[in-house]
Each structure stands twice: as structure tokens, then as C-alpha cells.
Amino acid sequence: MKSAQNFLPDFSHIYIEDGAEKYPLAKDIIKRFPKAEKIYIPDYKTVFNRSGQDFIQQKKSMNLILAVKKPPFLYESTDILQDAGFENFVYTTPLLNCLYNCQYCFLQGMYPSANLVAFANEDDFFKAARNAVLQRKNKNQPLVLSISYNTDLLASENIIPFCRHWIEFASTQSDILIEIRTKSALFNVLKNVKPHKNVLLGWTLSPQEVIEKYEWDTPPLDRRLNAVRQALEKGWKVRLCFDPVMIIPQWQKVYGRFLDELFEAIPVDQIYDAVVGVFRMNKDFFQRARKREPKVDIYYKDYELNKSVLSISEKVHEEVKTFMLEKLEQHFSLDLIDIW
Ligand code: SF4
């Protein structure tokens, strides 16, 4: 297990793609790291996609790449993403990679590099989001936009203030709901940001045993709960995410105790909704991640393959659904629970 940290990474190098430095976000970030060596590059992919990079080693000392995103800015939902029943569900990727190091994370197999890529042209993303609102299929529902998909955006908010900018954007729009999913305890970075009904903060919560075993570098459960309580007190919409429920020895006992304690610790009647999922990963990402020799048991178990996605057996998956539903139903009405 690695200990949780209060992250403020000290980038030794910042790579800057041609054209990125003119954006206010890039200027702001560069100012925060006066000691970092600036390296100018023609295209972020020349650094990020280089072959032969050591992902695990890079994770220990990440560098930052500032880049300019080219279209597309939004992506349709995938088989792996939870849409919580919303029909107009899309996601976006203002930041690639994550300060945290969850051992079950698909990023380990998705990208050739563990370095962070921050796209500085935020207005292009906002324009794409505005267009997607207008073009959404079901006009009776908002556009639901996950902005923290390939990363944990709130975890890096004190170095790259994406969340604040997206919240400000969403607050000026109608028919949009942005979801910021996080394991961060850094709620303080949003303390001066006004809550808005168009923003949903989703906290991923796990038993402390699971955090220690698999969610490396993330804050412990008590600090995440503290952040949840603070967010509720301020009036934010808060979603609880139990995803993935990990099948560890005596998982029912561990998760049962965890949920009982959790619902004692927070005002559950103020929670917006809850989502539940199990470990799942695209087969190719899984194989690439396993080749990188992660030292956890996740990559050495038997899984079932369904439409290119590896996951736990259908039988155990059903057991998880039944167990979690039974526990959550004690606190949430059925329409507020989304179980995968
Ligand atoms: S917080 Fe999310 S994106 Fe970051 S490493 Fe963990 S699972 Fe991956």
C-alpha cells in the first residue's frame, strides 16, 4: 500500500505544444511552477505517444504537457461508463491521466505515458458542449456531461482549475448537468465557488481496506466523507459512487460494515443518488496493464469477456447487485439507485 498524499506535484518539466502558451489557462499553470523547465514541442503526441515509456516509473514522477485539443471535444458514452439512466450522456477529456494511482484503473492500459496532458483551449470545449445541448436527442432531459472521465479533475484542482471553470460555464447554461466524479478530499478548493443545480459532485467511496489495497495515493475514507459532508452543507448536489465494488475476501462483511458506518456518518437523505459498479476493463487495456507488471492481484484473476470488456463472473456480479441493492434500498428509493 502507498500512503495518501496532499498532492501538489512539483513538475520538473512542462512540455508546451505549439500554440498552447497563449491560452489563459496555460499561462496560469506555468506561473504556478516557476522552477519547471519549459520545453517547446510541435505536437503533444510526440512526447505523450513515444514508444518504450515506463508508465509505472513515470507515475512516480509525473510531468505536465500543455496542449491544444483538436476535435472531437465530446465523446458518446461507452459500455464502461455509467450514465445513471440519462439518455443524453457524453463525456469530455480536458485532462488526460490522473494524479492518483488506482490499481484497477483502465488508464494504466490506455495510454503509453503516465504524464498529465492538460488541454488549454477551454473555450473550444465549452462551445462543443453548447452545441451538444442544442443537438441532444431527448429534449426532455438535460445533456449530462462527465468531465472527469480520464482523470480525477478535483484532485488536480489546486494546480489546474478546470473544475472551477466548468462549474462557472455550467452555471450560465440551461439543459446541462455536469458530473465531476472524484475521490479527492480537496473540497476546500471549491469553497468560494457557488453551488449550482447544473453540477453534480460524485464521490467514489470504498471501504478503507479497498482504499489501502488498490486506491493508491488517494485520500482515506474519513477525509473523503468529510469532503462529502462539506459539499452537502454548502448545498451541492452529491452523488455517491460505489464503483468498483471489489471482490476481496469476505467482501459482503467488509462492504456491509462500510455501508452501515457510512450511512451513520453522512446525512443520507440529502444525497442526490447512488451508483454501483464492479471491476471492468477493456480487454486490450487489461492486457497492456498486465504487461506493465502491476503488483496487485487484480491482473491475475479469471474474468469473463463480454463485448471486449473483461469483468467478474456474471454469478458474482449478480451477488454484488443483490447485496448492494438490499443495503442501499434501506436509504434510497429505487429510482435513485443505478446498479451495473
Ligand atoms: S481516481 Fe479514477 S482516474 Fe484516477 S487513477 Fe483512480 S480510477 Fe483512475
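Reader: Leaving aside its neighbours within four places in sequence, which residues is leucine 66 in contact with?
Author: This is a predicted model, in which local features need pLDDT of at least 70, side-chain atom pairs count only at pLDDT 80 or more, and totals for chains, interfaces and linings use all residues. Residues are numbered from 1 along each chain as its sequence is written. Contact means that two C-beta atoms, placed from the backbone, lie within 7 Å. By that rule, the partners of leucine 66 are Ile14, Ile16, Glu17, Ala20, Ala26, Ile29, Ala118 and Ala120.

Reader: How many residues has the largest nonpolar core?
Author: A nonpolar core is a set of buried Ala, Val, Leu, Ile, Met, Phe, Trp, Tyr and Cys residues joined through C-beta atoms within 7 Å. Buried means 20 or more other C-beta atoms within 10 Å of the residue's own, exposed means 12 or fewer, and partly exposed lies in between, with C-beta atoms placed from the backbone. Ile65, Leu66, Val117, Ala118 and Ile178 have the most contacts inside the largest core. Its residue count is 87.

Reader: Which residue in β2 stands opposite isoleucine 14?
Author: Two strands pair if DSSP finds at least two bridges between them. An open sheet of five strands has mixed pairing and the order β2-β1-β3-β8-β6, with β2 (37–41) and β6 (95–96) at its edges. Strand β1 (residues 13–17) pairs with β2 in the parallel sense over five bridges. Opposite isoleucine 14 stands lysine 38.

Reader: Why is strand β11 largely enclosed by the rest of the structure?
Author: In a regular strand the side chains alternate between the two faces of the sheet. In β11, Val199, Leu201 and Trp203 are buried on one side, and Leu200, Gly202 and Thr204 on the other. Strand β11 (residues 199–204) is largely enclosed because the number of its six residues that are buried is six.

Reader: In β13, what is the bridge partner of leucine 201?
Author: Strand β10 (residues 176–182) pairs with β11 in the parallel sense over five bridges, and isoleucine 178 stands opposite valine 199. Strand β13 (residues 237–245) also runs parallel to β11, joined by five bridges. There, the partner of leucine 201 is valine 238.

Reader: At about what angle does helix α10 run to β15?
Author: An open antiparallel sheet of three strands has the order β15-β17-β16. Helix α10 (residues 283–291) lies across these strands, β15, β16 and β17. Axes are lines fitted to C-alpha atoms, for helices over the stretch in contact, and angles run from 0 to 180 degrees between N-to-C directions. To β15, the helix runs at about 90 degrees.

Reader: Is lysine 60 buried or exposed?
Author: Lysine 60 belongs to helix α3 (residues 55–60). Its C-alpha atom is 9.0 Å from that of alanine 114, 54 residues apart along the chain. Because lysine 60 has 10 other C-beta atoms within 10 Å, this residue is exposed.

Reader: How do the residues of the shell around the ligand divide?
Author: The shell holds Cys98, Tyr100, Asn101, Cys102, Cys105, Leu107, Thr151, Asp152 and Lys183. Ala, Val, Leu, Ile, Met, Phe, Trp, Tyr, Cys and Pro count as nonpolar, Asp, Glu, Lys and Arg as charged, and the others, Gly among them, as polar. The shell divides into five nonpolar, two polar and two charged.

Key: Near = placed C-beta within 6 Å. Helix = DSSP H or I, 4+ residues; strand = E, 2+ residues; numbered from the N terminus.
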